[in-house]
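Hello,

Here is the structure we spoke about. My notes on it follow below the display.

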Amino acid sequence: MKKTVVINVVGLTRGLIGAHTPNIQAFLEKGKSTLITPVLPAVTCSAQATYLTGKWPSEHGIVGNGWYFKEECEVKFWRQSNKLIQGEKLWDKLKKIDHNFTCANMFWWYNMYSTADFGVTPRPNYLADGRKIPDIYSVPANLRDTLQTELGTFPLFNFWGPKTSIKSSQWIADATIKTDKLHDPTLALVYLPHLDYNLQRYGNSSDKIPQDLREIDEVVKGLIEYYTAQNAGIVLLSEYGITDVHRPVHLNRILRKEGWLSIRVERGLEVLDAGTSSAFAVADHQIAHVYLNDASLKLKVKKLLENTEGVAKVLVDEEITKANLEHQRSGDLVVIADQHSWFTYYYWLDDAKAPDFARMVDIHKKPGYDPVEMLTDPKDPFVMPKVLWKLAKKKMGFRTVLDIIPIDASLIKGSHGSVPESKDDYPILISNNKQLVPEELIEATKVFDVLEKHLTEGK
């Protein structure tokens, strides 16, 4: 087997490669690239599962970054167990061919309880007093201590939330090199999320993006130089492209106004009760799964949402099958936003009744994806003193809520999930082995084949 590294530069597209990414540009010019038709939905978990199994979401079951767990009547996002991916992974197939083959998964998702030989993934400690302490989960377990002793604690708050920065991607890259030196895996999967942040916050035209590109380019440079010295096959790829948006669409509020959404009031605040709702939406960037507890409403819901500004398509029945999303985890309807819109999870009609987690970074309590977690209120000049005061109270042992996230979806200027209109916004695959990269454009399921060939046919 040919030693290979797959560097997942989240959000990288042909349109972003250029003057601000000289190292990626040089790698592209020396190697060969192809564009990838995005999987639907074009989101992290679905794309990664498709790349690693060569199957569609209808087969591997990862229909989004989260979905409605029907047996539990709960919406859950960002689960960790690899057993949720249904189907043989790339490393399982290659282990059957070569018993000496090993794989290191460095922050690709569903990274716990996997058959990969080595792995590292975020795993905070949630303390009884309400604090969230940065930490990681690793296989083998002592790799966690080795990495954090040498590199410092994983910078969780730079990985997600208002403080996101290049620090998390740099830490992951450094941890990848350290893990390679310790264990020499045949295949290393590396996740670098840095471009995901400001592209969603501010959009492609923001004057902040050139600096982000230069920062991630330096991180990629370090990995390319290290793995080139190891005579490894090197693949750069991405999961999706982020396009500019200006319209948030509140599907659950629309369903609520029809009387189809159930709400519980707890301490004067409103909580979505999915299990008793006739119809509700699980929003995930530009895609939403709509689940029905009353199947007779399907056509009514479809008509209502088709006539909603910002909605491009509403899929049902055979349309869901044709989109490769027919799976028991999928919604009864799948809603796709137009190119300039995205879907919020918001379901309350009065911000005063929004649940406490709405104003917090809390990826597990929210019944949908919330990119506004990357922002603080730009109209509040005292937000940082408030943050410092609340953190001080937590350190002193007082329970307090870090309610610093605005409830203003209009702040978000970039999104993904649907298939972009321009191929310049498609994800890209670049390799240092020209012979193993197909021409022009490949389906997302074919990434599996390209990666397999790098390992089995690479020279």
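For what follows, a salt bridge means a side-chain nitrogen of Lys or Arg within 4 Å of a carboxyl oxygen of Asp or Glu. Please keep in mind that the model is predicted.

Salt bridges

By that criterion, the whole structure contains 23 salt bridges. I will go through a few of them.

Asp449 and Lys446 are joined through their side chains at 3.9 Å, N to O. That distance counts because the cut-off is 4 Å. Elsewhere, Lys3, Asp180 and Asp184 form one network of salt bridges that share partners.

Glu373 and Lys366 form another salt bridge, with 2.9 Å from N to O. Here both residues are buried.

Arg247 and Asp338 make a salt bridge at 3.2 Å, N to O. The two residues are 91 apart, and their pairing links distant parts of the chain. Arg247 belongs to strand E13 (residues 247-249), while Asp338 sits in the loop between E19 and strand E20 (341-343). Asp338 is partly exposed, because its relative accessibility is 22%.

Sheets and strand pairs

Strands of a sheet pair through backbone hydrogen bonds, in either the parallel or the antiparallel sense.

Which residue of E19 is the bridge partner of Ala288? The partner is Val335.

Strand E2 (residues 32-37) pairs with two strands that I looked at. With strand E22 (residues 428-431) the sense is antiparallel, over 4 bridges, and Ser33 stands opposite Ile430 of E22. With strand E23 (residues 441-443) E2 runs parallel, joined by 3 bridges. In that pair, Leu35 has Leu441 of E23 as its bridge partner.

Pocket and cavity

Rolling a probe the size of a water molecule over the atoms shows where empty space is left.

The second largest pocket holds about 440 Å³ of space. Its lining comprises 21 residues, and those nearest the centre of the pocket are Arg264, Val271, Leu272, Phe357 and Lys365. By class, the lining has 10 nonpolar, 1 polar and 10 charged residues. Three strands each contribute at least two residues to this lining: strand E4 (74-77), strand E14 (263-266) and strand E15 (269-272).

Glu72 lies in the loop between strand E3 (66-69) and E4. Glu72 is partly exposed, because its relative accessible area is 41%. The C-alpha atoms of Glu72 and Gly275 are separated by 8.4 Å, although the two residues are 203 apart along the chain.

How many cavities of 30 Å³ or more does the structure hold? It holds 1. The largest cavity has a volume of about 40 Å³. Its lining consists of Asn111, Tyr113, Ser114, Ala116, Phe118, Gly119 and Val139. Of these residues, 4 are nonpolar, 3 are polar and none is charged.

Ser114, one of the residues lining the largest cavity, is in the loop between strand E5 (103-106) and strand E6 (118-122). Ser114 counts as partly exposed, because its relative accessible area is 22%. Ser114 and Ser81 are 33 residues apart in sequence, with 7.3 Å between their C-alpha atoms.

Regards

How values were computed:
Residues numbered from 1 in each chain as written. Predicted model: local features only at pLDDT ≥ 70, side-chain atom pairs only at ≥ 80, totals over all residues. Heavy atoms only, no water. 1 Å grid on protein atoms, 1.4 Å probe; cavity = no way out; pocket = protein on both sides within 12 Å on 5 of 7 lines; lining within 4 Å. Points joined across faces, edges and corners; volume = space filled by probe spheres on them. Nonpolar A, V, L, I, M, F, W, Y, C, P; charged D, E, K, R; others polar. Pairing = 2+ DSSP bridges. Buried < 20%, exposed > 50% of the residue type's maximum accessible area, 1.4 Å probe, protein only.
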